[in-house]
Amino acid sequence: MLDLLIEASALAFHPYVLMYVMLGVLLGITLGAIPGLSGDMAIALLLPFVFFLEPAMAMGLLVGIYKGGLFGGSIAAISFGVPGTPGAAATSIDGYQAKLKGKPSKALHTALYSSVIGDTTSDLVLIFIAVPLAAVALTFGPIEFFALYAFSLILIAALSQGMVAKGLAVAAIGILLAMIGRDPITGATRLTFGMPELSGGLSLIPVLIGIFAISEVVVQGSKLWRRKVDKLMDDVAEQASLLQGYDISKDKLTWAEFKFTLKATYIGAAVGTFIGALPGAGQSLAAFMSYGLAQRFSRKPEDFGKGSLEGIASAESGNSATAGSTFIPLFAFGIPGSATAALFGAAFILMGMTPGPSLLTDNTEIIYALFLTLIFANLVNLMLGKVLLPYYSRIAMIQPGFMIPGVFILAIVGTYAANNSVVDVWVLLFAGALGVTLRLMSFPLAPLVLGFIIGPGAERALRQSMIMGGGDWAVLIKSPIAIGFYVAAFALILLFTFALRAKK
Amino acid sequence: MTFKLSITAVAVSAAMLTLSAGTALASNGDSLGSDPIRIVMPYGAGGSTDITARIIAANAAEHCGSRIDVVSMPGAGGMEGLQFVADAEPNGHTILMADYSATITQTLTEDTPWEVEDWVPIVHLTDWKPTVYVKADHDIQSIEDWIELAEAEPNSLIFGHADPLSLVHLPLVMLEQETGIQNVHLPTTGGGETRTMILGGHIDLGMTLPPSIVSNVNSGEVTAIGVFADERSDVLPDVPTFQEAGYDVSFEAPLLVYAFSSVPESIQQELADCIMTGLDTDTAQRMSEQASAGLDDVQGLESAQAIYRDTTQRVKDVLAAINQD
Amino acid sequence: MNRTIVKELLSAAVMLSLGIAGLIHIQYGAWRPAPLVPSYIMPQTAYYFLIGSGLWVLAMLGFFTLRKRESALERPGAKDQDLVAIGLSSGLMLGGAIIYFWLVLNLGLIVSTVAFNAVLIAVLAPKVSLKGLLIVPPLMGAAVWLLFIKMIGMTLPPSLLF
């Protein structure tokens with residue numbers, strides 16, 4: 001074991017490899033910070049070149065991009081309320097509120113630290129207990145997955161303070177939006193309102209950015225506008241004055257604050273690692289679920305949604321903690337559990353290594369080197385993030401009259417660039433309008449986005465379960481794991497309804 | 001410990017990181033210009049088709065005279081990718097790479113703005129052999145076990161395949177027609193999900209392509225029981241074909257590169273030639289071998305079109321038989 | 001009737017009508033038959049949830065109105081805003097975005113970006129100087145060009161201007 005570690009570190013800590021890791025992290029943070037673009041896109045672009053690189057260098061580059069991208073998504077989420085990557089959607093809920101309260105630096109640092117802690121936890125789990133965890137992951141079939149999806153939707157809806165009914169309703173709307181397009185089993189188009197452009201369904205990026213970002217930008221913009229016309233003093237005016245007096249030295253994350261967020265970070269790390277190991281569950285689900293659980297167990301749950309650092313920490317740590325564990329099914333069985341894992345799998349194949357149970361035994365050195373690189377990339381991420389964050393927090397504090405137009409344009413053009421699709425931009429603006437309407441009618445937005453993200457997976461799991469059970473609903477409660485999820489969901493609803501009563 | 005870190009490798013990667021946009025020269029009439037070429041692949045990134053497309057992109061670029069990008073468009077069961085290629089300017093810079101389920105089956109079963117003949121295959125890359133497999137500790141361990149059990153208790157076995165009527169589903173339909181057995185057909189998102197369910201014991205049988213399960217077969221986690229092909233697969237030489245077991249069902253799936261029919265024939269020929277030249281190089285062959293992509297017998301335009309016509313006829317026959325039921 | 005009650009009634013009405021319209025569509029729309037499970041099973045579940053939530057909102061509304069505790073309905077900490085006015089100006093901003101993107105497709109990315117940016121700044125920024133209006137939009141245009149055209153190689157349909 002020790003010999004192996006020494007050999008592997010000779011590979012992993014070669015100067016060129018280190019250089020590639022840094023290059024990758026830098027590239028990843030930058031791409032992740034641009035709304036619509038993500039690390040996955042860069043990894044896909046670089047795949048063919050992997051063949052020409054030494055495996056250790058190629059791994060360094062890809063790992064760097066991946067990790068940088070995971071954290072980079074939170075920069076745009078906090079600074080402009082635009083989730084740079086789907087995984088950062090939950091981060092934008094509290095992150096952007098914290099920024100509006102004049103605390104961008106605190107928010108960004110919380111995101112960075114929790115991201116690195118969550119990621120490292122998940123890497124350690126990958127290195128030491130990949131095989132047992134993979135066995136647990138395999139017990140999740142369609143029945144269990146449907147229960148997991150239902151549980152997380154109910155959890156998020158139940159957390160919409162005092163508005164459980166509205167939360168469930170928007171979750172249902174999110175699911176309905178996800179149903180637009182082709183039926184995954186029969187292939188027939190449905191709910192397209194006769195528009196052939198919609199037969200491909202709505203893409204994730206425009207819906208996500210439209211609901212969260214465009215609606216926010218537009219509502220803030222119209223408040224500014226009205227203030228300019230009517231000379232009205234409202235909360236935006238207060239913010240503007242706050243921003244003018246922004247002093248970064250007063251916006252430092254203190255040790256006490258950091259310690260207070262640790263519990264949320266650990267919850268995120270645990271939830272993220274577990275969800276990451278399940279094939280097909282995904283970063284956004286992990287982030288929203290950690291956010292929900294952290295709120296449940298927080299000592300200040302009322303701050304969530306209003307710029308709570310705990311909210312940022314749980315979402316960001318949950319999102320990043322999928323980074324290591326998403327490889328568990330790939331290493332243990334050769335099953336890519338996520339788009340990123342599939343791309344890494346392709347890279348392994350191009351380098352002559354077959355993902356699967358024989359991967360570790362056939363390529364011990366290089367895999368151990370990869371493990372070391374995974375941990376090392378977190379340090380690079382921490383360092384680079386630390387160096388760059390002061391600049392990012394200043395950018396976040398540009399006067400809203402100048403910033404809102406810029407963010408508005410970037411979100412539109414970035415959405416177009418993600419798929420080179422004109423339809424996506426119209427979907428973006430439609431989602432923006434929907435977001436504005438729901439905001440004005442005081443609907444929570446997070447359940448809608450989560451419903452949209454997990455809608456297709458939930459539908460597939462439900463229909464697969466029913467096919468396996470011969471068309472009988474009873475099949476859904478045939479698994480003890482599934483029953484556990486349903487009981488927990490029911491208990492949560494009861495708990496929240498009564499906790500609310502008691503407070504009033 | 002003999003890992004050489006070559007300077008050339010660094011140079012190559014530095015070059016690609018500049019992400020330079022190719023110089024745009026207008027393509028003139030009937031020959032391939034130097035604008036970037038886009039290979040549209042109607043599947044998700046990271047799968048076997050993706051790897052093959054990227055091998056083409058990396059090797060054929062210099063012969064085709066411009067950069068080649070691989071675009072993954074898995075939306076709407078691949079229909080979005082086909083739509084994109086059909087709508088593109090007919091100058092040969094947007095081509096499609098797909099198996100027959102996107103171009104033939106879906107065109108025949110769905111209401112599409114194009115016909116099967118609108119897709120002109122220009123290169124025949126390889127043939128895939130659909131393979132049936134089970135978990136290693138399952139009661140079924142051979143074709144005979146399966147047929148016997150399915151005959152004893154119809155609809156008791158759950159069979160996972162990717163999209164309905166895809167290349168890993170049609171052979172099952174044909175076998176059921178041939179033998180009269182009945183299974184529960186469970187659609188999945190693809191080979192990865194099928195394998196997860198097999199390994200987790202949620203379903204009984206699954207169908208996939210050989211390269212994706214070789215490593216699980218070798219480690220003894222799953223057993224491949226039969227191949228729907230005329231000959232055994234190179235990577236799974238111990239697995240019998242269904243013909244050997246006495247069932248005359250065989251349906252190999254050709255992987256083809258297509259141009260849309262509005263692209264001038266001279267450009268089609270030019271594209272076919274440069275892709276074949278690119279794949280004939282040592283680097284390309286080495287890449288293909290590492291990825292088990294099977295690009296050692298790439299055929300040009302004529303062979304591709306012959307096999308396309310043949311496959312179309314077979315798919316039509318199967319669909320007609322399904323509709324009779 | 002205060003604003004909160006109007007808002008809640010409107011929300012409940014939207015939920016109920018969406019849900020019922022959806023169920024009617026399932027009843028009378030053309031759905032391709034699928035083996036064992038109907039293909040509308042997931043939308044149907046969503047419609048049931050919408051109707052259930054709508055009824056729940058109505059029940060809460062009735063419960064608290066009878067008890068004269070309307071304040072319990074509002075989200076804790078929410079501010080009272082002039083919704084109609086904000087809705088109207090939001091609509092105008094979204095309309096502007098549609099015109100902007102139409103111009104991007106027909107006139108040219110950089111020209112439209114500079115123009116749209118200038119208009120937005122003029123409308124939104126308090127105390128904007130002519131200098132700010134002349135410097136910032138071209139910078140924005142340059143940033144967009146560098147990022148999306150130069151680095152990412154975004155493909156746009158051919159347009160009239162740059």
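User: What should I know before I look at the model?
Analyst: It is a predicted model, in which local features need pLDDT of at least 70, side-chain atom pairs count only at pLDDT 80 or more, and totals for chains, interfaces and linings use all residues. Residues are numbered from 1 along each chain as its sequence is written, while chains are lettered from A and ligands numbered from 1 in the order in which they are written.

User: What pLDDT does chain A average?
Analyst: Chain A averages 83, and 92% of its residues score at least 70. The term pLDDT stands for the predictor's confidence in each residue, from 0 to 100.

User: How many helices and strands does chain A have?
Analyst: Chain A has 22 helices and two strands. Helices (H or I, at least four residues) and strands (E, at least two) are DSSP runs, numbered from the N terminus.

User: Why is chain A called as compact as a globular protein of its length?
Analyst: The radius of gyration of chain A is 22 Å, close to the 23 Å that the globule rule gives for 504 residues, so chain A is as compact as a globular protein of that length. The radius is taken over C-alpha atoms, and the rule is 2.2 Å times the number of residues to the power 0.38. Along its principal axes, the C-alpha trace of chain A spans about 70 × 60 × 50 Å.

User: How much of chain A is buried?
Analyst: Of its 504 residues, 69% count as buried. A residue is buried if 20 or more other C-beta atoms lie within 10 Å of its own, exposed if 12 or fewer, and partly exposed in between, with C-beta atoms placed from the backbone.

User: What about the largest nonpolar core?
Analyst: It has 325 residues, and Val449(A) and Ile39(B) have the most contacts inside it. Helix H4 (residues 55–80) of chain A gives the most to this core, with 16 residues. Such a core is a set of buried Ala, Val, Leu, Ile, Met, Phe, Trp, Tyr and Cys residues joined through C-beta atoms within 7 Å.

User: What is Ile39(B) in contact with?
Analyst: Leaving aside neighbours within four places in sequence, the partners of Ile39(B) include Ala53(B), Ile56(B), Ile68(B) and Met97(B). Two residues are in contact if their C-beta atoms, placed from the backbone, lie within 7 Å.

User: Changing topic, how do H1(A) and H18(A) pack?
Analyst: Helix H1 (residues 2–12) and helix H18 (residues 364–396) of chain A pack at an angle of about 65°, with their axes 8 Å apart. Axes are lines fitted to C-alpha atoms, for helices over the stretch in contact, and angles run from 0 to 180 degrees between N-to-C directions.

User: Is that crossing left-handed or right-handed?
Analyst: The crossing of H1(A) and H18(A) is right-handed. A crossing is left-handed if the near helix is turned anticlockwise from the far one by less than a right angle, and right-handed if clockwise.

User: And H11(A) with H13(A)?
Analyst: The axes of helix H11 (residues 255–277) of chain A and H13(A) come within 7 Å and cross at roughly 30°. This crossing is right-handed.

User: How many residues does the contact take from chain A and from chain C?
Analyst: The contact takes 58 residues from chain A and 58 residues from chain C. H19(A) gives the most to the side of chain A that touches chain C, with eleven residues.

User: Where is Ser442(A), and what is its phi?
Analyst: Ser442(A) lies in the loop between H20 and H21 of chain A. Its phi is positive, about 50°, although Ser442(A) is not a glycine. Ser442(A) is partly exposed, with 18 other C-beta atoms within 10 Å.

User: Is Leu165(B) buried or exposed?
Analyst: Leu165(B) counts as buried because 20 C-beta neighbours lie inside 10 Å. Its phi, near 65°, is also a positive value in a residue other than glycine. Leu165(B) sits in the loop between strand S6 (158–161) and helix H6 (170–179) of chain B.
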